[in-house]
Amino acid sequence: MSAGQWLIAPEGVSWFFDAGAPSLDFAAAPEPVHARDLGEWLATRFERLDAADASERDLADAMTLRATIERLSTAAADRETLDPDDVDTLNLFGATPDVPPALAGGRRQAGAGRLRTGQALSSLARDAIAILAVEPERIRRCDADDCRRVFRDESRTANRRWCSMQRCGNRAKVRAHRARLAAASA
Ligand SMILES: [Zn+2]
């Protein structure tokens with residue numbers, strides 16, 4: 001269900017990060033500066049949503065939800081108690097109408113009812129509630145000491161260690177290889 005996204009690392013390299021859940025992808029996305037940034041990001045996840053629908057009010061809501069998901073998922077990854085105020089905020093977002101599922105092939109025009117940005121935010125909040133409530137032990141941090149990014153391990157064997165195999169996984173392999181060479185030549 002999670003789609004992941006391309007991010008730009010501080011050193012300028014783009015890399016693909018699949019956080020393992022739509023709500024965690026949302027928290028990991030670049031901070032939206034304008035309502036339009038928010039609308040465009042949400043439109044890539046909710047195809048019936050018009051990117052132009054996002055208002056300044058939606059942007060403020062999104063920033064609150066994003067920070068809340070970030071704090072709660074980090075606490076879950078660190079096996080800490082969730083802040084009750086954050087839990088209340090998340091539940092409040094999740095209690096509003098979300099994006100309803102729609103099956104293609106009906107007689108009515110698709111998208112007859114206009115989808116609102118708030119519904120997309122509610123869907124993301126509900127996703128966060130689901131992953132924090134069910135198997136929260138799957139929410140973990142990247143093993144790399146200089147990364148520690150939060151993701152949800154969706155793998156069947158629940159043994160994902162890295163935010164990205166191409167990024168931190170590879171760096172760890174290179175380090176291990178160098179250490180072996182150093183040990184062999186010592
Ligand atoms: Zn990492």
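How many aromatic pairs does a search of the whole structure find? The search turns up three. Before going through two of them, keep in mind that this is a predicted model.

## Aromatic pairs

Start with tryptophan 6 and phenylalanine 16. Their ring centres are 5.4 Å apart and their planes meet at 70 degrees, so this pair is edge-to-face. It links distant parts of the chain, with tryptophan 6 sitting in strand 1 (residues 5-8) and phenylalanine 16 in strand 2 (residues 14-17), ten residues apart. Tryptophan 6 is exposed, at 60% relative accessible area, while phenylalanine 16 comes out as partly exposed, at 34%.

Another pair joins phenylalanine 26 and tryptophan 41, and here the rings are tilted: the centres are 5.5 Å apart, with 50 degrees between the planes. This one also connects distant parts of the chain, since phenylalanine 26 belongs to helix 1 (residues 22-28) and tryptophan 41 to helix 2 (residues 35-45), 15 residues apart.

## The zinc site

Now look for the zinc ion. Four cysteines coordinate it through their SG atoms: Cys142, Cys147, Cys163 and Cys168, at 2.3 to 2.4 Å. Why is the arrangement tetrahedral? Because the four donor atoms subtend angles of 102 to 119 degrees around the zinc ion, and four donors count as tetrahedral if all angles lie between 85 and 135 degrees. For reference, the ideal angle for four tetrahedral donors is 109.5 degrees.

Along the chain, the donors follow the spacing C-x4-C-x15-C-x4-C. Cysteine 142 lies in the loop between strand 3 (139-141) and strand 4 (150-152), and cysteine 163 lies in the loop between strand 4 and helix 6 (165-185), so this pair ties together parts that are 21 residues apart in sequence. Cysteine 142 is buried, with a relative accessible area of 0%, and cysteine 163 is buried at 3%.

## Arginines worth a look

Two arginines pair up with phenylalanine rings. Arginine 149 lies over the face of phenylalanine 17, at 5.1 Å from the ring centre. Arginine 160 puts its charged end over the ring of phenylalanine 151, 4.1 Å from the centre of that ring.

Most residues other than glycine have a negative phi. Arginine 79, although not a glycine, has a positive phi of about 55 degrees. Where is arginine 79? You'll find arginine 79 in the loop between helix 3 (56-77) and helix 4 (84-94), where it is partly exposed with a relative accessible area of 47%. Arginine 148 isn't a glycine either, yet its phi is positive, at about 60 degrees. Its place is in the loop between strand 3 and strand 4, and at 34% relative accessibility arginine 148 counts as partly exposed.

In soluble globular proteins, nonpolar side chains tend to be buried together. Here, the largest nonpolar core has 45 residues, and the ones with the most contacts inside it are Phe17, Phe26, Leu42, Leu65, Ile69 and Leu90. Which elements give two or more residues to this core? They are strand 2, helix 1, helix 2, helix 3, helix 4, helix 5 (117-133), strand 4 and helix 6.

Zoom in on leucine 42. Leaving out residues up to four places away in sequence, leucine 42 touches Phe26, Leu49, Thr117, Ala120, Leu121 and Leu124.

Serine 23 is found in helix 1 and counts as buried, at 0% relative accessibility. Not counting residues up to four places away in sequence, serine 23 touches Ile69, Leu124, Asp127, Ala128 and Ile131.

Valine 99 sits in the loop between helix 4 and helix 5 and is buried, at 16% relative accessibility. Setting aside residues up to four places away in sequence, valine 99 touches Phe46, Arg48, Leu115, Gln119, Ala120 and Ser123.

Methods. Residues are numbered from 1 along each chain as its sequence is written. This is a predicted model: local features need pLDDT of at least 70, side-chain atom pairs count only at pLDDT 80 or more; totals for chains, interfaces and linings use all residues. Side-chain values use heavy atoms; hydrogens and water are left out. Donors are N, O and S atoms within 2.8 Å of the metal (3.2 Å for Na, K and Ca); water is not among the atoms, so sites may look incomplete. Four donors count as tetrahedral if all angles lie between 85 and 135 degrees; four count as square planar and six as octahedral if opposite donors are over 155 degrees apart and all others between 65 and 115; anything else is irregular. Helices (H or I, at least four residues) and strands (E, at least two) are DSSP runs, numbered from the N terminus. Buried means under 20% relative accessible area, exposed over 50%, partly exposed in between (1.4 Å probe, protein chains only). Rings of Phe, Tyr and Trp (its six-membered ring) pair if their centres lie within 6.5 Å; planes under 30 degrees apart count as stacked, over 60 as edge-to-face and the rest as tilted. A charge sits over a ring if NZ of Lys or CZ of Arg is within 6 Å of the ring centre and within 35 degrees of the ring normal. A nonpolar core is a set of buried Ala, Val, Leu, Ile, Met, Phe, Trp, Tyr and Cys residues joined through side-chain atoms within 4.5 Å. Contact means heavy atoms within 4.5 Å.
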